[in-house]
Amino acid sequence: MNNVRWLDEVKFNEQGLVPAIAQHHQTGRVLMVAWMNREALALTAEKNQAVYFSRSRNKLWHKGEESGHFQTVHEIRLDCDADVIVLQIEQHGGIACHTGRESCFYRKLTPQGWEIVDAQLKDPSQIYAAEKSSNPHTIAMNASNAQSEQVEVLSYLGQMMTERKGADPDSSYVAKLYHKGLNKILEKIGEESIETILAAKEFQLIANEDNKNDLIYEVADLWFHTIVMLGHFDLDPQLVLNELARRQGLSGLVEKANRSH
């Protein structure tokens, strides 16, 4: 795009920046919001790949340069006040957020507060570990944040089980399970175990993205129902994490030998 007069129509703020919203070009989902200066916007239009301006690092930021999660730009739009950019993009790797999720907008406001509603697709430590020139402090911070959020999800689920045990059976799926009793919960665990096995076998036969997602979905269902079972006995799911953490100091063979005595 040789004619750059279109850039003059964009109203950059006092810092020379304009907010840019990245939106999935097919689903319309908002994936992230970042900033662009004049050069970043010009490069984005020229390369058809998202280039932003990092305020914390005070430099241009080619999205995906560290993570490999580049954004191909299909369309650039300017709002009626000419001070907000919208990018219609294809997100490579399916992950736009540094926490390893599809979207940065993964928290939803509920009566209990902000609830995490989107699954983490990949551990940030795995995303950024391959980048030789990446900042070790950034990697550690991302991994720490992700770990905290995972514990937060587990804590939330444990609290939810406690609340649903005494709730009206018609108020939620979990409350209905508790009302039907342990045998029904165990029946669901059995069903989810079988579905997980079938999904794993299918993924082994055809290792494509759909089958991978199916396997992750079924494992999530299995884990969820085991947490429901723990709630039946008033056991905090954190106890399972504690046990797994304890085993980190033992080899698999030693752990098995200890359990056999």
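Is Y52 buried or exposed? Y52 counts as buried, at 0% relative accessibility. Here buried means under 20% relative accessible area, exposed means over 50%, and partly exposed lies in between, for a 1.4 Å probe and protein chains only. The model is predicted: local features need pLDDT of at least 70, side-chain atom pairs count only at pLDDT 80 or more, and totals for chains, interfaces and linings use all residues. Residues are numbered from 1 along each chain as its sequence is written, and side-chain values use heavy atoms, with hydrogens and water left out.

The protein chain contains eight helices and eight strands. These elements are DSSP runs, numbered from the N terminus: helices are H or I runs of at least four residues, and strands are E runs of at least two. Of the 261 residues, 31% count as buried. A contact requires heavy atoms within 4.5 Å. Among contacts in the protein chain with a separation of 6 or more, 47% come from residues 24 or more positions apart.

The largest nonpolar core has 19 residues. Such a core is a set of buried Ala, Val, Leu, Ile, Met, Phe, Trp, Tyr and Cys residues joined through side-chain atoms within 4.5 Å. M36, L41, Y52, I85, L87 and I89 touch the most other members. At least two residues each come from β1 (18–24), β2, α1, β3 and β6. The greatest contribution is that of β2, with four residues. Beyond its neighbours within four places in sequence, M36 is in contact with F12, G16, L17, V18, A20, L41, T44, V51, Y52, F53 and L87. A second, separate core holds twelve residues, including M160, L177, Y178 and I189.

Helix α1 (residues 38–47) has A40, L41, T44 and A45 buried. These four cover an arc of only 130° around the axis, which puts them on the same side of α1. The arc is taken from the directions between the helix axis and the C-beta atoms. An α-helix has 3.6 residues a turn, so residues three or four places apart point the same way. The buried residues of α1 pack against β2 (30–36), β3 (51–54), β4, β5 and β6. N48 follows α1 and has a positive phi, near 60°.

Aromatic rings of Phe, Tyr and Trp (its six-membered ring) pair if their centres lie within 6.5 Å; planes under 30 degrees apart count as stacked, over 60 as edge-to-face and the rest as tilted. By this rule there is one aromatic pair. Its members are Y52 and W61, with ring centres 5.3 Å apart and planes at 45°, so the pair is tilted. W61 is partly exposed, at a relative accessible area of 22%. A charge also sits over a ring: R101 lies over the face of Y106, at 4.1 Å from the ring centre. The criterion is NZ of Lys or CZ of Arg within 6 Å of the ring centre and within 35 degrees of the ring normal.

Two strands pair if DSSP finds at least two bridges between them. β5 and β6 (residues 85–91) pair in the antiparallel sense over seven bridges. E75 stands opposite Q88 in β6. The two strands form a hairpin with six residues between them, and A82 in the turn has a positive phi of about 65°. A hairpin also joins β7 to β8, through two residues. β7 (residues 107–110) and β8 (residues 113–116) are antiparallel, with four bridges. T110 stands opposite G113 in β8.

H69 is placed in the loop between β4 (59–62) and β5 (71–78). H69 is buried, with a relative accessible area of 10%.

Helix α4 (residues 173–180) has V174, A175, L177 and Y178 as its buried residues. Seen down the axis of α4, they fall within an arc of 160°, so they line one face of the helix. The face turned away from this buried side carries the exposed residues H179 and K180. Just after α4, G181 takes a positive phi of about 100°.

In helix α6 (residues 209–232) lies N211. N211 counts as buried, at 10% relative accessibility. Leaving aside neighbours within four places in sequence, N211 is in contact with E202, F203 and I206.
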